[in-house]
Amino acid sequence: MPKISIIVPIYNVEQYLSQCLDSILTQTFQDIEVICINDGSTDNSGKILEQYALKDRRIKVINKENQGASIARNTGLDMAGSDWICFVDSDDITHPQMLEIAYKQAVLNNVDFVQYRYQEFKTGDVDCRAINEKSIKYKIFENSSLVSCRKQKFQNTPGPVSKLFKNKIIGKTRFIPHLQFEDYPFIYEVLSKKPKGVYLNAELYFYRIHDASLSHTKANPQQIKDYHTGINHIFRVYEKPEFTKEKKFLIRDFLPIVLKHQLGRCCRADDAAKPLMFAEFSRELQDLDNRGLISWRGHKLSRFFAYKKLIKDMHDA
């Protein structure tokens, strides 16, 4: 088996797919397999994949009905036989040395995962100039828990891209199916195993921002429900007594950030969706408050009182 399995979920990205695949296939580290999950694309993405698979044996194409990025990634994980796993989104670009640098650091430091920085871009070329590996600053964490990640110099990102994982540390952990914002529950569950990690201060991944990306998706009540599902999943993972410090972190540091994002989505929603979104958000707040998960610590006081008012209004309704 190759040393690294790269999992690429694909759905209607004909405009960007070739650039993504080219950046993977021209990696300076070549001992790879590229598992491309065509998630029911209706554009020319499938034809592009066929063409690439004919040219390069390392590409494996799986065509399936559209079920979302979570199930596509899970399909790739079930197929991957390599010792190391890397996720790449099909509209993004990788630096030519990404895998070489990450794999060297993984082996040299005997870690469970490697994280590197990413750079956002919209259009045009990205900076893929050669990187002097000796100039890269790094930091090693013997036990990468939620608490240690909070204190680290190079902040942990909640997404699976911009990381190289040891297959064993992922184990049976999978993405929650049919969920938007599925990234952070997966990462937080992996971190519950307190893996050894190395954090590289090097931009090796390029994250494309465009109108079709999730961050530009029109606000709707399902997004609030999906946030709630993800939050509940994380608190179930960390409900064991040995996670006392981690649970405090989740209440004081993680939850305020996520609730802030949800409140922002509610406020930015159009006139038709806004009442439905606030109603769904109020139900979520009431559930979290009943379980003792909403504390004034970590919240901006104006937001904390806004949450309490939404909970009261829901209770009185």
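A residue is called buried here when its relative accessible area is under 20%, exposed when that area is over 50%, and partly exposed in between, with a 1.4 Å probe and protein chains only. The model is predicted, so local features need pLDDT of at least 70 and side-chain atom pairs count only at pLDDT 80 or more, while totals for chains, interfaces and linings use all residues. Residues are numbered from 1 along each chain as its sequence is written, and side-chain values use heavy atoms, with hydrogens and water left out.

With these terms in place, the charged pairs can be taken up. Side chains of opposite charge can pair when their charged atoms come close. A salt bridge is counted when a side-chain nitrogen of Lys or Arg lies within 4 Å of a carboxyl oxygen of Asp or Glu, and a search of the whole structure finds 20 of them. One of these joins D56 to R58, with the closest N and O atoms 2.9 Å apart; D56 is buried at 16% relative accessibility, and R58 is buried with a relative accessible area of 16%.

E203 and R117 meet in a salt bridge of 3.4 Å, N to O, which connects strand β9 (residues 197-208), where E203 lies, with strand β6 (residues 113-121), where R117 lies, 86 residues apart. Both partners are partly exposed, E203 at 28% relative accessibility and R117 at 38%. The side chains of D270 and K218 meet at 3.1 Å, N to O, and this pair spans 52 residues, from D270 in the loop between α9 (244-268) and α10 to K218 in the loop between β9 and α8 (221-237). Here D270 is partly exposed, with a relative accessible area of 30%, whereas K218 is exposed at 60%. Elsewhere, R73, D89, E182 and D183 are linked in a network of salt bridges.

Aromatic contacts also connect separate parts of the chain. Rings of Phe, Tyr and Trp (its six-membered ring) pair if their centres lie within 6.5 Å, and planes under 30 degrees apart count as stacked, over 60 as edge-to-face and the rest as tilted. The structure holds 16 aromatic pairs. In one of them, the ring centres of F29 and Y103 are 4.9 Å apart and the planes stand at 45°, so the pair is tilted. Because F29 lies in the loop between α1 (17-25) and β2 (32-39) and Y103 in helix α4 (residues 98-109), this pair ties together parts that are 74 residues apart in sequence. Both F29 and Y103 are buried. F87 and F186 form an edge-to-face pair, 6.0 Å centre to centre with 85° between the planes; since F87 is in strand β4 (residues 84-87) and F186 in helix α7 (residues 183-191), the pair ties together parts 99 residues apart in sequence. F87 is buried at 1% relative accessibility, F186 is likewise buried at 1%, and F87, F165, F175 and F186 form one aromatic cluster.

F305, in helix α11, is exposed at 53% relative accessibility.

Note on methods: Helices (H or I, at least four residues) and strands (E, at least two) are DSSP runs, numbered from the N terminus.
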